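Please find below a short note for colleagues who are examining this entry.

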Amino acid sequence: MSLQDDLSAVRRNLDELTRKVERLEKQAARQKPSTTATGQDPSRMVTVPDTPYDSSLWTDADDEGLGARDRRAP
């Protein structure tokens with residue numbers, strides 16, 4: 001393949017990509033926006049406080065991937 005053939009192939013692919021993006025933009029514009037841009041209903045959002053968690057929540061928890069503290073791997 002020559003450089004000219006490569007450039008022609010790139011140009012065709014770029015034109016096809018441009019057409020597909022334009023088609024997607026038109027489809028997106030036709031859809032009814034029932035939720036926010038993130039796809040979630042803002043009325044169902046939960047606020048997470050900035051305060052630290054109670055350390056007693058983690059008392060009996062295993063270290064993820066390491067297993068329990070008092071056991072050995074087989």
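1. For the surface patch discussed first, a definition is needed: patches are made of residues with over 30% relative accessible area and no salt bridge, and nonpolar side chains are joined within 5 Å. The coordinates come from a predicted model.

2. Val48, Tyr53, Leu57 and Trp58 make a nonpolar surface patch of about 520 Å². One of these residues, tryptophan 58, is located in the segment after α1. Its relative accessible area is 52%; tryptophan 58 is therefore classed as exposed, the cut-off being over 50%.

3. As to secondary structure, the chain contains 1 helix and 0 strands. Helix α1 covers residues 3-30.

4. How many salt bridges does a search of the whole structure find? The search returns 1. The partners are glutamate 16 and lysine 20, whose closest N and O atoms are 3.1 Å apart. Both residues belong to helix α1, where they are 4 residues apart, about one turn of the helix. In general, side chains of opposite charge can pair when their charged atoms come close.

5. For the chain as a whole, 3% of the 74 residues count as buried.

How values were computed:
Residues are numbered from 1 along each chain as its sequence is written. This is a predicted model: local features need pLDDT of at least 70, side-chain atom pairs count only at pLDDT 80 or more; totals for chains, interfaces and linings use all residues. Side-chain values use heavy atoms; hydrogens and water are left out. A salt bridge is a side-chain nitrogen of Lys or Arg within 4 Å of a carboxyl oxygen of Asp or Glu. Helices (H or I, at least four residues) and strands (E, at least two) are DSSP runs, numbered from the N terminus. Patches are made of residues with over 30% relative accessible area and no salt bridge: like charges are joined within 9 Å, nonpolar side chains (Val, Leu, Ile, Met, Phe, Trp, Tyr) within 5 Å. Accessible areas come from the Shrake-Rupley method with a 1.4 Å probe; for residues, only the protein chains shown count as cover. Buried means under 20% relative accessible area, exposed over 50%, partly exposed in between (1.4 Å probe, protein chains only).
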